[in-house]
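Okay, thanks for making time, everyone. Let me put the sequence and the model up, and then I'll walk you through a few spots.

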Amino acid sequence: MISVVIPARNAAATIGVTLSSLVADKVLIGEILLIDDGSEDETVARARDVARAHELPLKVTSVSAGSAGAARNVGLAQAQGDHIFFLDADDEVMPGGVTLLRDALRANPEAGLAVGASVHRASRADKLKLPGPYGGDRQENVRRYLANEVRSITVGSALVAASATAGIRFPERIGLDEDTLYWTAVLTRVLVAAIERPVLVYNLDETRMAQRFLSKPRKVFLDIALELNGLAAFGIDKDTLQQRKAFIAQRIARHLIRRNRYREAAGMMRAGRMQPGFLLGLRSSRYRMSIAAGRAAQSIGYRKPVALPLSAAATPRRVLVLTADPAFPPVSGADLRNYQNARACAGVAEVLLVSVHPSGQSPPPDHRIRTAALLRQDEPRGRSIRSHRTSIETRIPEAALGRLGKLLREFDPDTVLVEGMPLFALIGHLRPLVPRLILDMHNVESDLAAKRRPAGLLARLLPGSRSDEERIRAAERLALKAVDRVWVCSEPDRARILDIFGTDKPIDIVPNGVPRFDAAPRALPPLAGKGDGWPVLLFVGHLGYGPNLAAAKRLAENILPLVRQNFPAARLVLAGRRPQLEAQHLAGVPGVELVADPDDLSELLASSHISVMPLSEGGGTRIKILEAMAWGLPVIATPVAAEGQGFHDGLEIALADTDDGLAQLVVSLSTDGAQMERQRAAAWTAARTRFGPQAIQDAVRSGLGLGAVL
């Protein structure tokens, strides 16, 4: 049996994903010990909801430990398993990762510790970290590990025999290197089975890590040095421990140099002299030269020290959210996302929500958000500020630019959040006027344009389609260079940006959240009755948007007739804004009902049985999938429609590519009531846990450079 130990503090935004990542290995897991260290959010409630939905053996202990090491020690004292698996509350186990580690130990009976590779996810590119190599000499493994010749073991990438860790505990008064010291003690007792397949996605919070080094660097070094002295009890020689202290000193010095804190860096380098030959190393020489140059520059007024990240000075006071169309009232995907982001920003700053186009609607009820528009109703078009626009760009008259400048002077924002590439023409004007500029890329537009481009001979006959794609990509490249941060909806979009542009700008994942969360049922509602047709399929989406219109046609003309062969009373409800003529004609198909421009979706969601999303193109993530799940509807979709939301096929969602496959899933789910109940319960829990207001608030805080609530 394996005991999983998870320390957590205010991890409501991530604990659901962390626990869900254990589902593939749950047959091996005897207990999951969640050690809640004084959380002030819904960490425990969310963990219990997810564990209940996935039938995970969760046990919660509430403590006031004060550190991750102390919380892990509480879990260690409770663990009953033959093996221990430590996992942080914001990381994810690769499907089958625990099984890989267990199998490695079975294949190497002499080993007491299995270590796998891990994917380190940071603000830049993901990095694969391979373990080891480890040899058959435990003392040499320890020496090389402390000398940093062997990569540090990431918590969540290792499975250890309980017998090997008996009497070994994590240091409790340090927040850096406590795991390194723990694994060092374990390495004195066991050999290691290393596997090169990744078992963990480790989410590296670079800002929080830098804070730990830089808040009190001298104290941090002394505390770690004292804890290292304790390893002498495990038979580790003094020279090896001194070498590690020197390495830590140099590591802290590197962070200080990056923030122009040269005097303190020099002190750390002096602390490193205890390592023989330390001052002769190439890296040491480079650091000492940087310190000397930096101190000389500071003596004449240059290279001032950089403030710590997350300091009060870095907290945004005023955020201007700039959109193409009014975000209130939110109806379609873009409106919902923009208003969601504005509300989350309002949790930490004063917000001005500005649209290019006029609204004509009453202001939002949230008193923290003010609204404005750059254009007036019935105003003459005027001259555009960018004449050669790409197909995705909004036309912006010169009058709008003048009014934006006035708003910037009056509101004086320290951060401007720009809604995607449709507003590309404004980015160059904004850049010199605001301290921090963030681009919210709803989609990677050039990638979508490439997918829409005709293929083969038709592409050669229509070269303009390709030139538009290339112009969009060029505009995206310029935008990425101009802004300070980028927001995306999902990990796939983040990966696309890195693959296409290789930018070094921070790319934050701010997911689309459950829309109108407050109106959704707070408990899983019963499924609608069968009196008005069975099953009633629901598709919600902007019916003037090409991909949505194509999906509606698939549903009405192909999928619904197949379903009606088994369920003659089956109906399809198409609901959305601005239905084009093609969508209106679908209302003539037997069993199809069109609801144009609905003011409120509550009644439609409550009276339907299954949400079907047969999209074959598009980007971002589907907000309507989340809304359907939050109302207790099981969702059937194509992989494209569900991309980026991390739902498990067959558990929280059912996926198929073809019309036949989608129709069969509808029939199967409508026939198996127990499976329908399991799927919609799991989906309801996942949507609320991973895409509710708290999760979005934490993501937006991180996207503003503030980190999650501590």
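Let's start with Asp335, which counts as buried at 7% relative accessibility; buried means under 20% relative accessible area, exposed means over 50%, and partly exposed is in between, with a 1.4 Å probe and protein chains only. Before I go on, some housekeeping: this is a predicted model, where local features need pLDDT of at least 70, side-chain atom pairs count only at pLDDT 80 or more, and totals for chains, interfaces and linings use all residues. Residues are numbered from 1 along each chain as its sequence is written, and side-chain values use heavy atoms, with hydrogens and water left out.

So what does Asp335 pair with? Arg577 forms a salt bridge with Asp335, with 2.8 Å between the closest N and O atoms. By salt bridge I mean a side-chain nitrogen of Lys or Arg within 4 Å of a carboxyl oxygen of Asp or Glu. Arg577 sits in the loop between strand E18 and helix H20, and Asp335 in helix H12, so this pair ties together parts that are 242 residues apart in sequence. Helices here are DSSP runs of H or I, at least four residues, and strands are runs of E, at least two, numbered from the N terminus. Arg577 is buried too, at 19%.

The structure holds 35 salt bridges. Another one is Asp177 with Arg251, where the closest N and O atoms are 3.4 Å apart. That one links the loop between E8 and H6 to helix H9, 74 residues apart. Asp177 is buried at 6%, while Arg251 is partly exposed at 21%.

Then there's Glu350 with Arg370, at 3.1 Å between the closest N and O atoms. Glu350 lies in strand E11 and Arg370 in strand E12, so the bridge joins parts 20 residues apart in sequence. Both ends are partly exposed, Glu350 at 36% and Arg370 at 45%.

What order do its strands come in? It's an open sheet of 7 strands, E12-E11-E10-E13-E14-E15-E16, with parallel pairing. Two strands pair if DSSP finds at least two bridges between them. The edges are E12 and E16, each pairing on one side only, and the twist averages 20 degrees from one strand to the next. E11 and E12 pair over 5 bridges, and Ser355 stands opposite Ala373 in E12.

Helix H18 packs on this sheet, touching E14, E15 and E16, and its direction makes about 165 degrees with that of E16. Contact means heavy atoms within 4.5 Å; axes are lines fitted to C-alpha atoms, for helices over the stretch in contact, and angles run from 0 to 180 degrees between N-to-C directions.

Last stop, the aromatics: a search of the whole structure finds 7 pairs. Rings of Phe, Tyr and Trp (its six-membered ring) pair if their centres lie within 6.5 Å, with planes under 30 degrees apart called stacked, over 60 edge-to-face, and the rest tilted. Phe170 and Tyr182 have ring centres 3.9 Å apart and planes at 5 degrees, so they're stacked. Tyr182 and Trp183 come in at 5.1 Å and 75 degrees, so that pair is edge-to-face. Phe170 is buried at 3%, as is Tyr182 at 0%.
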